[in-house]
Amino acid sequence: MSTAKGKLTVIKGDITDQDVDAIVNAANSSLLGGGGVDGAIHRRGGPRILEECRALRASRYGRGLPTGQAVATTAGDLPARWVIHTVGPVYSREEDRSALLASCYRESLGVAEGLGARTVAFPAISTGVYGWPLEDGARIAVETVRSVATSAEEVRFVLFDERAYAAFAAQLG
Ligand code: ADP
């Protein structure tokens, strides 16, 4: 499966184990940590990630990172070089927030491009605590990543359980 230059891959696993240039964090706008994948990244990445997040809150993002945007920090003790934090939308039945979810993938790839990251790993943004239906979240993720021109060699979706893996694998065809 190919993007502009690289390939799209999907695996079942833990994103904190990934030996890639950049991993993407499904953060919340406070940037100060949370549960799910965010908690796992801060736990295994150590305190340097939180230090840089605090510095971002004290400078560019005094009111937090807006939904749909992305920003990078060190990956601390993780195998990756960078963590790209992005804030997914909370799922809503009343309001279509798909554009914000697509924005997370697009903006994260833009930040990765700026860093010169050649390999990037994504979790299934918004599909945990934020309640986005998995099949729809997978569709938006794959369609968006396919539509972005990136010089990355590999964009990897890392899914934590079998159900999420199956949903993403189905989208990749
Ligand atoms: P959100 O608040 O954006 O919904 P969550 O962290 O609650 O973020 O969940 C996003 C997705 O990340 C879920 O599908 C969840 O199963 C998955 N997840 C949780 N921990 C990890 C991990 N260590 N590696 C990869 N995916 C993870």
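## Salt bridges and a ligand site

The structure holds eight salt bridges. Welcome to this model, which is a predicted one.

- Side chains of opposite charge can pair when their charged atoms come close.
- Here, E153 forms a salt bridge with R118, and their closest N and O atoms are 3.3 Å apart.
- E153 belongs to the loop between helix 4 (134-147) and strand 6 (154-159), while R118 belongs to the loop between helix 3 (98-115) and strand 5 (119-122), so this pair ties together parts that are 35 residues apart in sequence.

**Where the ligand sits**

- To find the ligand, look in the largest pocket.
- Around the ligand there are 15 residues, and the closest of them are V37, S126, T127, G128 and V129.
- Helix 1 (residues 36-45) supplies the largest share of this shell, namely three residues.
- By type, the shell divides into nine nonpolar residues, five polar ones and one charged one.

**Contacts with the protein backbone**

- A nitrogen atom of the ligand lies 2.9 Å from a backbone N or O atom of I15.
- S126 has a polar backbone atom 2.9 Å from an oxygen atom of the ligand.
- For V129, too, a polar backbone atom is 2.9 Å from a ligand oxygen atom.
- The ligand taken alone exposes 570 Å², and the protein buries 89% of that area.

Terms used
Residues are numbered from 1 along each chain as its sequence is written. This is a predicted model: local features need pLDDT of at least 70, side-chain atom pairs count only at pLDDT 80 or more; totals for chains, interfaces and linings use all residues. Side-chain values use heavy atoms; hydrogens and water are left out. A residue is near a molecule or strand if one of its heavy atoms lies within 4 Å of it. A polar contact is a pair of N or O atoms within 3.5 Å; within protein, one must be able to donate a hydrogen and the other to accept it, and residues adjacent in sequence count only if both atoms are side-chain atoms. Accessible areas come from the Shrake-Rupley method with a 1.4 Å probe; for residues, only the protein chains shown count as cover. On a 1 Å grid over the protein atoms alone, a cavity is a set of points where a 1.4 Å probe fits but cannot get out, and a pocket is an open set with protein on both sides within 12 Å along at least five of seven lines; lining residues have an atom within 4 Å of a point. A molecule sits in a cavity or pocket if more than half of its atoms lie within 2 Å of its grid points. Helices (H or I, at least four residues) and strands (E, at least two) are DSSP runs, numbered from the N terminus. Ala, Val, Leu, Ile, Met, Phe, Trp, Tyr, Cys and Pro count as nonpolar, Asp, Glu, Lys and Arg as charged, and the others, Gly among them, as polar. A salt bridge is a side-chain nitrogen of Lys or Arg within 4 Å of a carboxyl oxygen of Asp or Glu.
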